[in-house]
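Look at the structure below and follow the strands and helices one at a time.

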Amino acid sequence: MEKIQIGVIGTGFIGPAHIEALRRIPFVEVKALADVDKKVAAAKAAELGVDEAYGDYRDLLNSKEIDAVHICTPNFLHFSIVKDALLAGKHVLCEKPLATSVKEAKELVSLAAEKKLANAVGFNLRFYPLVQQVKAMIDSGELGEIFAVNGSYQQDWLFYQTDYNWRINSSMGGESRAMADIGSHWVDMIEFITGLKIESVCADFATFHKTRKKPLKAIETYSGKLLKPEDYEEIPIDTEDYASILIDFNKGAHGSVTVNQTAAGRKNRIYFEIYGSKKSVEWCGERPNELWIGNRDSTNNIMLKDPSLVLGNARNYINYPGGHNEGFPDTSKQLYKEFYNYIRNKEFINGGIPKYPAFVDGLREMTIVGKIVESAKQRKWIEVEANEKVTF
Ligand code: SOE
């Protein structure tokens with residue numbers, strides 16, 4: 001079988017997760033990786049069992065054998081690498097955020113369309129089977145009209161003043177941190193499953209650690225717990241630890257979300273509750289195989305992930321029987337499976353509708369997060385354009 005050849009650019013926390021998930025798809029192969037210099041790249045390639053290592057991503061892009069690239073670098077590099085990759089004729093899957101400004105994101109959406117290349121953004125959390133089940137329930141009218149959507153995304157890996165990572169530095173991660181890093185997943189997930197559009201937002205941001213102790217050497221995401229006091233310098237912080245947002249959706253729905261990266265005990269907890277005119281649902285990413293279903297006139301239920309119980313399309317994202325739990329790594333596998341099926345079936349040539357989050361979804365999320373940041377600064381409600389116009 002001829003396999004689709006892939007290059008992974010950036011091998012910190014998330015790059016290896018991409019490689020592992022890609023290896024679970026039979027018709028693709030991770031051929032090469034690139035990192036900041038030849039030494040780091042060679043060490044990562046040896047550790048991860050990848051044949052080719054590049055110290056400059058442009059050399060990877062020059063390889064004729066590579067069909068597609070995954071961009072897993074710090075955020076500020078996304079725009080230039082995605083652009084170079086598209087100009088080199090590669091299909092691209094980029095981690096979120098797609099770029100650091102809406103203007104740049106629009107340029108990438110247009111360039112990918114002009115070059116007729118498949119493009120995706122790493123909103124993998126959409127692919128939890130029971131998240132897809134909620135979408136199917138809402139699409140079939142089971143919840144009725146949506147009244148309210150509430151939720152949160154909370155973590156504790158940045159709880160201490162000594163917790164540090166490139167995401168904290170606005171020049172590397174972007175102006176917003178908690179909202180852009182994890183709130184973006186919540187926003188993407190909710191618009192995807194409900195079909196509702198966020199129309200206006202009113203945000204309150206907080207930075208609890210006004211200064212943080214930055215390690216004197218670079219460390220990877222989630223690795224700060226291993227450092228000692230003499231390994232730090234104190235620096236001012238200009239990105240938010242916390243954000244709470246009131247949301248007005250179209251079709252009369254209302255909602256709210258809180259994101260917090262300093263929430264002790266919350267490891268990686270994305271959570272939502274959706275209240276409809278017929279029933280309610282509640283789901284939490286730390287118990288992803290359980291869905292609470294709430295009724296007014298009969299008993300409430302807990303549905304367990306099981307391919308024989310879910311509605312239509314949700315079944316496509318379940319590979320194990322009930323009781324055999326699927327989790328975070330499986331969401332990436334399901335996203336990449338859809339992306340590479342699209343490429344394998346050459347759907348990009350005629351502009352087939354992707355079943356995965358594409359660059360337009362990355363642009364949409366950036367538009368919303370941009371308005372949330374504006375609202376926090378101005379301390380007032382800000383409208384979000386219903387549909388961003390992109391010219392091709
Ligand atoms: C760090 O906060 C992070 O790795 C995010 O960047 C991911 O998108 C999320 O899936 C888990 O947490």
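In this predicted model, Leu-291 stands opposite Met-303, a residue of strand β16. Strand β15, residues 290-294, is joined to β16 by four bridges, and these two strands run antiparallel.

Now widen the view to the sheet that holds both strands. It is an open sheet of nine strands with mixed pairing, and its order is β16-β15-β14-β13-β7-β12-β11-β8-β17. At the edges are β16 (301-304) and β17 (382-383), each of which pairs on one side only.

Helices come next. Helix α6, made of residues 129-139, packs on the sheet and touches β7 (146-155), β13 (268-276), β14 (280-284), β15 and β16. The direction of α6 makes about 30 degrees with that of β15. Another helix, α10 (residues 359-378), lies across β8 (198-206), β11 (242-249) and β17. Relative to β8, α10 runs at about 55 degrees.

Which residues touch the most other members of the largest nonpolar core? They are Phe-272 and Ile-274, in a core of 49 residues. Helix α8 (residues 178-194) supplies the largest share of this core, 10 residues. A second, separate core has 33 residues, including Ile-4, Phe-27, Leu-48 and Leu-335.

Finally, return to Ile-274 and leave aside its neighbours within four places in sequence. The residues in contact with Ile-274 then include Val-134, Ile-138, Leu-143 and Ile-146. Also among them are Ala-148, Val-149, Ile-193 and Thr-194, as well as Lys-279, Ser-280 and Val-281.

Conventions:
Residues numbered from 1 in each chain as written. Predicted model: local features only at pLDDT ≥ 70, side-chain atom pairs only at ≥ 80, totals over all residues. Heavy atoms only, no water. Core = buried A, V, L, I, M, F, W, Y, C linked by side-chain atoms within 4.5 Å. Buried < 20%, exposed > 50% of the residue type's maximum accessible area, 1.4 Å probe, protein only. Contact = heavy atoms within 4.5 Å. Pairing = 2+ DSSP bridges. Axes fitted to C-alpha atoms, helices over the stretch in contact; angles between N-to-C directions.
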